[in-house]
Amino acid sequence: MNLNWKESENQIWAEDERGKTLAVIDFPSIGKNLVEIIHTEVDPSLRGQGIAEKLTISAAKKIQNSGRKAVLTCSYAIRWFSRHKDFEAILADPQKEAEKAASLCGPACGMKHPK
């Protein structure tokens, strides 16, 4: 399947040939030069192909090139950034993001370590 990659100021997505969105990452502005990566989603038909990582890399580069910083609330992004220190400079608070990553325990969105 061929994907058509699209982007706006605060979103990157992939569509199929019919224009159906199959993968998306959202990073809306939340302040001057600050975005929040809130959501990454990939259609089940594309999972396991590295699409979420491709979206996240593209978003990180777009944020970096614009001079903005990011706050992470998407659990996929939190985990991804914790493993990719080369993009740490775009994080508004790298220590806080590392703490968020340490609290996650599973692949499901938002799963926290039991207390």
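Trainee: Which side chain meets that of lysine 100 in a salt bridge?

Mentor: Please bear in mind that this is a predicted model. The partner of lysine 100 is glutamate 97, with an N to O distance of 3.1 Å. The two residues are three apart in helix α3 (residues 94-103), so about one helical turn separates them. Lysine 100 is partly exposed, at 21% relative accessible area, whereas glutamate 97 counts as buried at 6%.

Trainee: How many salt bridges does a search of the whole structure find?

Mentor: The search finds five. One of them joins the side chains of lysine 62 and glutamate 7, at 2.7 Å from N to O. That pair links distant parts of the chain, since lysine 62 lies in helix α1 and glutamate 7 in strand β1 (residues 4-8), 55 residues apart. Lysine 62 is partly exposed, with a relative accessible area of 22%. Another salt bridge brings together glutamate 15 and lysine 6, at 3.5 Å from N to O. Glutamate 15 is buried, at 14% relative accessible area, while lysine 6 counts as partly exposed at 36%.

Trainee: Is tryptophan 80 buried or exposed?

Mentor: Tryptophan 80 is buried, at 1% relative accessible area. Phenylalanine 81 is buried as well, and phenylalanine 87 counts as buried at 9% relative accessibility.

Trainee: Which residues touch the most other members of the largest nonpolar core?

Mentor: In soluble globular proteins, nonpolar side chains tend to be buried together. Here the largest nonpolar core has 29 residues, of which Phe27, Ile37, Leu72 and Phe81 touch the most other members. Elements that each supply at least two residues of this core include β2 (11-15), β3 (21-26), α1 (51-66) and α2 (75-83). The largest share, six residues, comes from α1.

Trainee: With which residues is isoleucine 37 in contact, leaving aside its neighbours within four places in sequence?

Mentor: Among them are Ile25, Phe27, Ile63, Val71, Leu72, Ala77 and Phe81.

Technical notes:
Residues numbered from 1 in each chain as written. Predicted model: local features only at pLDDT ≥ 70, side-chain atom pairs only at ≥ 80, totals over all residues. Heavy atoms only, no water. Core = buried A, V, L, I, M, F, W, Y, C linked by side-chain atoms within 4.5 Å. Buried < 20%, exposed > 50% of the residue type's maximum accessible area, 1.4 Å probe, protein only. Helix = DSSP H or I, 4+ residues; strand = E, 2+ residues; numbered from the N terminus. Contact = heavy atoms within 4.5 Å. Salt bridge = Lys/Arg side-chain N within 4 Å of Asp/Glu carboxyl O.
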